[in-house]
Amino acid sequence: MSNRCSNPDNLPNKPGVYIMRNIDDVVIYVGKAKSLIKRVKSYFSKSELPLKTKLLMSHFHNLEYIITDTEKEALILESNLIKKYKPKYNIRLKDDKRYPYIKITNEKYPRILITRNVRDDGAYYYGPFTDVGSVRRIVKSLKAIFKIRACRKMDGPCLNYQIHLCSAPCGGKISKASYTEIIEKINLFFEGKYNKIIDMLNEMMMEAAQNHEFEKAAVLRDQILSVDSILEKQKIEFDRGLEQDVIACSYDERVACVVVFSIRDGKIIGKDDFLMSGTEGTLPDKILSAFLKQYYMSPRHVPSEIIIQYKPDEQGLIEDWLSSNQEYEVTLRTPKNSTETRLVQMVAKNAEIIKNQEKEVRNTLLDLQKYIKLPKIPRHVECFDISNISGKHAVGSMVVFEDGMPKKSKYRKYKIDIPGPDDYAMMKDVLNRRYSKIVLDEDKKPDLIIVDGGKGQLNVAVNVLKSLSLEDIAVIGLAKEFEHVFVPNVSNPIILPRNSEALHLLQRIRDEAHRFAVTYHKKLRSRELKYSVLDGIKGVGEKRKIKLLKHFGDINNIKKASVEELASVESINKNLAFTIYKHLHKSSTA
C-alpha cells in the first residue's frame with residue numbers, strides 16, 4: 001500500500017521505495033532506500049547537491065512511498081516501477097518496448113513466438129534481444145528441428161505436417177508427453193544448456209536404436225546435427241563449460257550504451273546492446289548498477305558469473321537478489337586475468353562504436369529537423385509509396401524508421417481497390433486507412449510523415465490529416481527527380497545539400513518504401529499467375545498442386561516440364577500429366 005507525504009520528516013525509518021512527482025502529478029523519479037527517512041531527507045540537504053539532483057528537485061512537488069520488508073524487495077519494486085512509469089530522471093533502458101522476446105506459450109501444446117509484450121500469463125519468456133533478425137533465424141531453426149506447431153487453431157494436420165515441419169499434435173500424431181519433452185529441450189536451449197540437450201538427445205537416440213525404432217533414432221540424429229550446426233557458427237570459443245555474461249559500457253554527456261556478451265558452454269552465443277537514458281552526469285558504476293537491475297528483471301537465464309567493466313553500485317545487494325532466484329550463487333566481479341580483461345575491452349569497444357553511431361544518427365536527425373524546420377526531432381518517421389501498372393494490382397506501402405533505422409516489424413502493406421491509375425486517390429485511401437486508427441492515440445503519432453512525390457501528393461496528405469484533426473503531425477513530400485523537399489504552405493521546395501546526411505537519410509527511407517511497395521506488387525501479380533494457372537485443371541486439387549510445387553519448385557518449372565516429367569510426380573498418371581501439359585501450354589499461348 002502506498003502513502004502520500006509532503007514532509008520528509010514524517011517518513012518511516014524502514015526500507016522501501018519512494019516515488020517523486022511534479023506539480024502535474026507526473027512521476028519524475030523512483031528510488032529505493034534501506035531507510036526511507038534518511039534517503040529522502042538527503043534530497044533536502046543544505047549541502048551542495050549534484051546538478052542532476054538539483055534539476056530533479058526543481059520540479060519536485062510531492063512524493064508517495066511504499067514500505068517493504070527488506071531492501072531486496074525494495075530493489076525489485078523499484079525496477080518494476082521504473083519500467084512502469086519511465087521517470088525522466090531515472091537511468092533506464094531506452095524505449096525497452098522495441099526489444100523482442102522469445103515466448104513459449106502456456107498451452108497444452110505450446111508454440112514458439114516472437115513478441116514485444118511480456119505478460120503474466122504463465123508462458124516462458126526469453127530476452128530481451130536486440131538483433132531481431134537473429135531471433136527470427138533461431139526460432140525458425142528450432143521450429144524446423146523440433147517440429148513445433150505454428151498454427152493458432154488446432155483443426156487437423158496442415159501443410160506444415162505434410163512438408164515435415166510440424167509433428168501435428170492436432171491430429172494425434174504425437175503424444176502430450178513426447179511434445180512436452182521437446183518443449184523442455186527448447187527451454188534448455190534458451191537457458192544456454194547446450195551440452196545437456198545434446199546428451200539428452202544422444203541418450204534418446206541410443207535407446208531408440210536399441211528398441212529398433214530406427215525412424216525415431218534418425219529424427220533424433222538429425223536434431224543433434226542441427227543443434228550442433230547452430231553452435232558451430234560461434235566465432236570465439238573459451239574453456240568448455242564456461243558460463244558467463246560479460247558486460248561493459250561507453251558513455252558521454254548525452255548517451256550511454258551497454259553491451260552484453262553471453263558465453264554458454266564456452267562459446268559466445270550472443271551479443272546484445274542497449275541504449276540507456278537519464279545518464280547525464282552519472283558515473284559508470286551507477287549506470288551499470290541500474291542496467292543490471294533492469295536487464296535481469298526480465299525473464300532470462302542468469303549465469304553463475306557476471307564479469308563487469310566496473311564494480312557496480314550496490315554489488316552485494318544485486319548479487320543477493322540474483323542468487324535468490326537460482327539454485328546457485330551468482331557472482332558479480334571485474335576481470336581477474338588477461339583473457340577476461342581483453343574480453344571486457346572488446347565488449348567496451350563494441351559499446352563505444354554503437355554509442356558513436358547513435359551520436360551520428362542524432363546529429364543527422366538534428367540536421368533534418370533544422371533544414372525542414374520540424375517542431376521536434378524526427379525519431380519516428382513513416383513513409384508511403386504507391387505501386388501499380390495502369391491501376392492494376394495497386395498497392396500501398398508504409399515503412400517506419402526509428403532513430404534513423406528501419407523498423408521492419410512496423411511496416412504495413414495495403415491492397416488498393418480504387419479503379420484506374422489515380423495515384424492521388426490511392427494515396428488518400430492508404431493515408432486514411434493508416435491514420436484513422438491513431439486519432440486518439442498520442443503515443444502512436446509519428447514525428448514525421450513522408451510521401452513519395454511532389455506538391456500533389458503532399459496536398460493529399462495535408463488534406464487527409466486535416467480531415468482527421470491531425471494537423472499537428474509534420475508531413476513532407478520528396479520528389480524523386482531532383483530530390484526536392486516540399487513542405488505545406490510553402491511554394492518553393494527546400495533543397496538540401498547534396499552531401500548532407502539528412503538528405504541521404506530521406507533518400508534511404510523513400511527508397512525503402514518504394515522497394516517494399518514494388519515487392520508486394522510483384523507478389524500479388526505472381527500469386528494471381530500461380531493460382532490462375534493451376535486452378536481449373538480437372539483432377540488437380542490442393543494436394544496435387546502441393547506435390548507439383550514441391551517437385552518442381554515454382555510455376556515456371558511446371559510450365560517447362562514435359563508430359564513424362566509431369567507424370568513422374570507422385571499420384572499423377574500419364575493421362576492427367578497430358579491434361580496439365582495441354583492446359584498450361586494453352587494458357588501460355590492464349
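Q: How many residues does helix 3 have, and how far does it reach?
A: Helix 3 has 15 residues and reaches 21 Å from its first C-alpha to its last, which is close to the 21 Å expected at 1.5 Å a residue. The model is a predicted one.

Q: Which residues of helix 3 are buried?
A: The buried residues are Ala74, Leu75, Glu78, Ser79, Leu81 and Ile82.

Q: And what covers them?
A: The cover of the buried residues in helix 3 includes strand 2 (16-21), strand 3 (27-33), strand 4 (62-67) and strand 5, together with helix 9 and helix 10 (315-324).

Q: What follows helix 3?
A: Lys86 follows helix 3, and its phi is positive, near 50 degrees.

Q: Back to Glu78: with which side chain does Glu78 meet in a salt bridge?
A: The partner of Glu78 is Lys293, with 3.2 Å from N to O. This pair links distant parts of the chain, as Glu78 lies in helix 3 (residues 71-85) and Lys293 in helix 9 (residues 284-295), 215 residues apart.

Q: Are Glu78 and Lys293 buried or exposed?
A: Both Glu78 and Lys293 are buried.

Q: How many salt bridges does the structure hold?
A: The structure holds 26 salt bridges. One of them joins the side chains of Arg333 and Glu340, at 2.8 Å from N to O.

Q: Why does Arg333 count as buried?
A: Arg333 is buried because its relative accessible area is 16%, and buried means under 20%. Glu340 is buried as well, with a relative accessible area of 10%.

Q: What about Glu107, which residue does Glu107 form a salt bridge with?
A: Glu107 forms a salt bridge with Arg111, and the closest N and O atoms are 3.0 Å apart. Glu107 is partly exposed, with a relative accessible area of 29%, whereas Arg111 is buried, with a relative accessible area of 12%.

Q: Turning to the sheets, what is the order of the six strands in their open sheet?
A: The order is 5-11-10-9-12-13, and the pairing is mixed. Strand 5 (92-93) and strand 13 (331-333) stand at the edges with a single partner strand each, so one side of each is left without a neighbour in the sheet.

Q: How many bridges join strand 10 to strand 11?
A: Nine bridges join strand 10 (residues 256-264) to strand 11 (residues 267-277), and the two run antiparallel. Within this pairing, Val260 has Asp272 of strand 11 as its bridge partner.

Q: And the sheet of three strands, what is its order?
A: This open sheet has the order 7-6-8, with antiparallel pairing. Its edge strands are strand 7 (112-115) and strand 8 (124-126), each of which pairs on one side only. Neighbouring strands of the sheet are turned by 30 degrees against each other on average, direction ignored.

Q: How many bridges do strand 6 and strand 8 pair over?
A: Strand 6 (residues 101-104) and strand 8 pair over three bridges in the antiparallel sense. Ile104 stands opposite Tyr124 in strand 8.

Q: Which helix packs on that sheet?
A: Helix 6 (residues 176-190) packs on the sheet and touches strand 6, strand 7 and strand 8. The direction of helix 6 makes about 160 degrees with that of strand 6.

Q: Last topic: what pLDDT does the protein average?
A: The average pLDDT is 84, and 90% of the residues score at least 70. Over residues 233-238 the pLDDT is below 50, and this stretch has 14 contacts in the model beyond near neighbours in sequence. Where pLDDT is low, the predicted coordinates should not be read in detail.

Technical notes: Residues are numbered from 1 along each chain as its sequence is written. This is a predicted model: local features need pLDDT of at least 70, side-chain atom pairs count only at pLDDT 80 or more; totals for chains, interfaces and linings use all residues. Side-chain values use heavy atoms; hydrogens and water are left out. Two strands pair if DSSP finds at least two bridges between them. Helices (H or I, at least four residues) and strands (E, at least two) are DSSP runs, numbered from the N terminus. Axes are lines fitted to C-alpha atoms, for helices over the stretch in contact, and angles run from 0 to 180 degrees between N-to-C directions. Contact means heavy atoms within 4.5 Å. pLDDT is the predictor's confidence in each residue, from 0 to 100. A salt bridge is a side-chain nitrogen of Lys or Arg within 4 Å of a carboxyl oxygen of Asp or Glu. Buried means under 20% relative accessible area, exposed over 50%, partly exposed in between (1.4 Å probe, protein chains only). The expected span of a helix is 1.5 Å times one less than its number of residues.
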